[in-house]
Amino acid sequence: MTVIDTSVRLLNRDNDKNIYTMFKISDIGEKPRWVIVGGDGLIVNKSPTNEELKSAKNWTFKHNSTETCYRCGESFDEVSKWPLKEKDKDGKWIGIWDCRNCWQKYDHNSNNNKRKLEADCRNNNLDPNSSHGIGYITTVLVKKFLNIEDCFDLTGNFCYPEYDMIEHDDWGLIDVKGSSLLIKDGRDKLYHKFGINKNKKADFFFCIGYDKNRKHVIAVYIIPNENDVCKLSVIKMPYNRYSLYNKYKESEEEVKKWDDLFHTMKLDNCPVLRKI
């Protein structure tokens, strides 16, 4: 049975409604007790009556236990009749509801933040260490390696959906992904993580793996969007260990070519990235 710290907000990302479930609450005692948990994961009633449990079982809809914006705390009825789910940069709901004003400010994919990203890109102000900056660097690396133009070159749009290269003769629609080397459970478990985001449009994913500090390209995978790849949110590639995707991994000689090209790229002449 799970022990819950009732002072901590627990995100319930599986549904948006009031549910009840059984936890072992440390300040109640060792015997498991039914509690009522809101759609946002807050324990709203630690000692419910049978009638309250029956009521919770009816799945009464609430955006969260207080019907207020997670960010500003204002009532949804006061500031926004249509609360919005705040999502991360990959479009995944992070388990909280915002009023419309806060959603525009905090959601990675809001119109305001898209305009800010567009402005940063066009005004030589995109942070090279941000997720969008790393994505831009990786896209430029791939287009230079293949000697083709990317979507921005052809359309002037930095936020092109679901692919970065348009109809390459050999590779079709290409979606580019970059990842630093990550560490899990100790230094013996190194891996790269590439966000596929259930992309059905791309024909190939060019996945570029950097070292921890992004000083070198150390792995390259060219993965066709076949079978169940488009159903995945992310692909984790173990570094120097067996993976089902090793058959798509480029040889050490090819990776060396990618790394050599990477080191010819300079911030000094970049029209997009901020010089830091």
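Biologist: How much space lies in the second largest pocket?

Modeller: This is a predicted model, and in it the second largest pocket holds about 610 Å³ of space.

Biologist: Which residues of the lining lie nearest the centre of that pocket?

Modeller: Ile 137, Phe 262, Met 265, Lys 266 and Leu 267 lie nearest the centre, out of 22 residues that line the second largest pocket. By class, the lining divides into 13 nonpolar, five polar and four charged residues.

Biologist: Which element gives the most to the lining of the second largest pocket?

Modeller: Helix 5 does, with five residues. Helix 5 covers residues 131-146, and it packs with helix 7, residues 252-262.

Biologist: At what angle do helix 5 and helix 7 pack, and how far apart are their axes?

Modeller: The angle is about 115°, and the axes are 10 Å apart. Angles of 65 to 115 degrees count as roughly perpendicular, and helix 5 and helix 7 are therefore roughly perpendicular to each other. Helix 5 passes helix 7 in a right-handed crossing.

Biologist: Which residues make the contact?

Modeller: From helix 5 come Ile 137, Leu 141, Val 142, Lys 144 and Phe 145; from helix 7 come Glu 254, Lys 257, Trp 258, Leu 261 and Phe 262. Seven residues in this contact are nonpolar, three are charged and none is polar. Ile 137 and Phe 262 belong to this contact and are also among the residues nearest the centre of the second largest pocket.

Biologist: Now the backbone. Is phi of Arg 214 positive or negative?

Modeller: Positive, near 55°, in a residue other than glycine. Arg 214 sits in the loop between strand 11 (204-210) and strand 12 (217-224).

Biologist: And where does Asn 227 lie?

Modeller: Asn 227 is in the loop between strand 12 and strand 13 (234-238). Its phi is near 55°, again a positive value in a residue other than glycine.

Methods: Residues are numbered from 1 along each chain as its sequence is written. This is a predicted model: local features need pLDDT of at least 70, side-chain atom pairs count only at pLDDT 80 or more; totals for chains, interfaces and linings use all residues. Side-chain values use heavy atoms; hydrogens and water are left out. Axes are lines fitted to C-alpha atoms, for helices over the stretch in contact, and angles run from 0 to 180 degrees between N-to-C directions. Helices (H or I, at least four residues) and strands (E, at least two) are DSSP runs, numbered from the N terminus. Angles under 35 degrees count as roughly parallel, over 145 as roughly antiparallel, 65 to 115 as roughly perpendicular and the rest as oblique. A crossing is left-handed if the near helix is turned anticlockwise from the far one by less than a right angle, and right-handed if clockwise. Contact means heavy atoms within 4.5 Å. Ala, Val, Leu, Ile, Met, Phe, Trp, Tyr, Cys and Pro count as nonpolar, Asp, Glu, Lys and Arg as charged, and the others, Gly among them, as polar. On a 1 Å grid over the protein atoms alone, a cavity is a set of points where a 1.4 Å probe fits but cannot get out, and a pocket is an open set with protein on both sides within 12 Å along at least five of seven lines; lining residues have an atom within 4 Å of a point. Grid points are joined across faces, edges and corners, and a volume is the space filled by probe spheres set on the points.
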